[in-house]
Amino acid sequence: MEAKTISRRELMKILAALGVAAPATGAIAQDPKVSPAAGGKAIFENDKMRVIEHAAKPRLGVCGTGFHTHPPHLTICLTDIKAKVTLQGKEPFIAENKAGDLFWDPGGYHTVENLGSRDVKSYLVELKS
């Protein structure tokens with residue numbers, strides 16, 4: 001996964017362009033696969049996209065618990081993150097990202113464990129077809 005570092009200002013511009021900064025009208029449809037217990041919470045949704053906020057304490061799953069999957073999505077790191085990533089059928093590796101980094105994830109089964117000593121937070125932006 002190739003990461004690009006952006007400034008906080010650039011991140012806010014991207015989120016505003018995606019409509020995340022605008023207040024949502026109506027209720028947000030909660031997907032049963034997005035578990036608040038796993039740290040995931042849909043914070044914005046419309047007919048084009050869904051933004052899920054993930055928060056994780058040290059030694060817990062960054063974007064879910066155990067092996068799980070997401071559809072293809074853009075990940076926006078809101079805090080510095082050091083994580084152990086295990087992709088299905090592959091050896092684990094350590095990923096480190098800074099606040100403001102973003103990268104495209106094609107989706108698939110994985111686990112991501114927060115190795116840092118602080119809570120981490122990220123947004124997953126899923127596009128709808």
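His110 touches Cys63, Gly66, Phe67, His68, Thr69, His70, Thr86 and Leu87, leaving out residues up to four places away in sequence; contact means heavy atoms within 4.5 Å. This is a predicted model: local features need pLDDT of at least 70, side-chain atom pairs count only at pLDDT 80 or more, and totals for chains, interfaces and linings use all residues. Residues are numbered from 1 along each chain as its sequence is written, and side-chain values use heavy atoms, with hydrogens and water left out.

**His110**
- His110 lies in strand 8 (residues 110–114).
- His110 is buried, at a relative accessible area of 6%. Buried means under 20% relative accessible area, exposed over 50%, and partly exposed in between (1.4 Å probe, protein chains only).
- The His110 side chain reaches the backbone oxygen of Gly108 at 2.8 Å.

**Overall build**
- The protein has 1 helix and 9 strands. Helices (H or I, at least four residues) and strands (E, at least two) are DSSP runs, numbered from the N terminus.
- From the N terminus on, the order is β-α-β-β-β-β-β-β-β-β.
- Of the 129 residues of the protein, 39% count as buried.
- Take contacts between residues at least 6 apart in sequence: 67% of them join residues at least 24 apart.
- The protein exposes about 7,900 Å², and carbon and sulfur atoms supply 56% of that area. Accessible areas come from the Shrake-Rupley method with a 1.4 Å probe; for residues, only the protein chains shown count as cover.

**Nonpolar cores**
- The largest nonpolar core has 11 residues: Ala56, Val62, Cys63, Cys77, Ile81, Ala83, Val85, Ala95, Phe103, Val112 and Val120. Such a core is a set of buried Ala, Val, Leu, Ile, Met, Phe, Trp, Tyr and Cys residues joined through side-chain atoms within 4.5 Å.
- Strand 5 (residues 81–87) gives this core its largest share, 3 residues.
- Ile81 contacts Ala95, Glu96, Asn97, Val120, Lys121 and Ser122, leaving aside neighbours within four places in sequence.
- A second, separate core of 8 residues includes Met49, Val51, Leu102 and Val125.

**Cysteines**
- The structure holds 0 disulfides; a disulfide is a pair of cysteine sulfur atoms within 2.5 Å.
- Cys63 is buried, at 11% relative accessible area. Cys77 is buried too, at 1% relative accessibility.

**Confidence**
- The mean pLDDT of the protein is 80, and 70% of its residues reach 70 or more. pLDDT is the predictor's confidence in each residue, from 0 to 100.
- Over residues 22–38 the pLDDT is below 50; beyond near neighbours in sequence, this stretch has 20 contacts in the model.
- Among the elements, strand 1 (residues 4–5) has the lowest mean pLDDT (60) and strand 6 (residues 93–97) the highest (97).

How values were computed
Polar contact = N/O pair within 3.5 Å; in protein donor to acceptor, adjacent residues only side chain to side chain.
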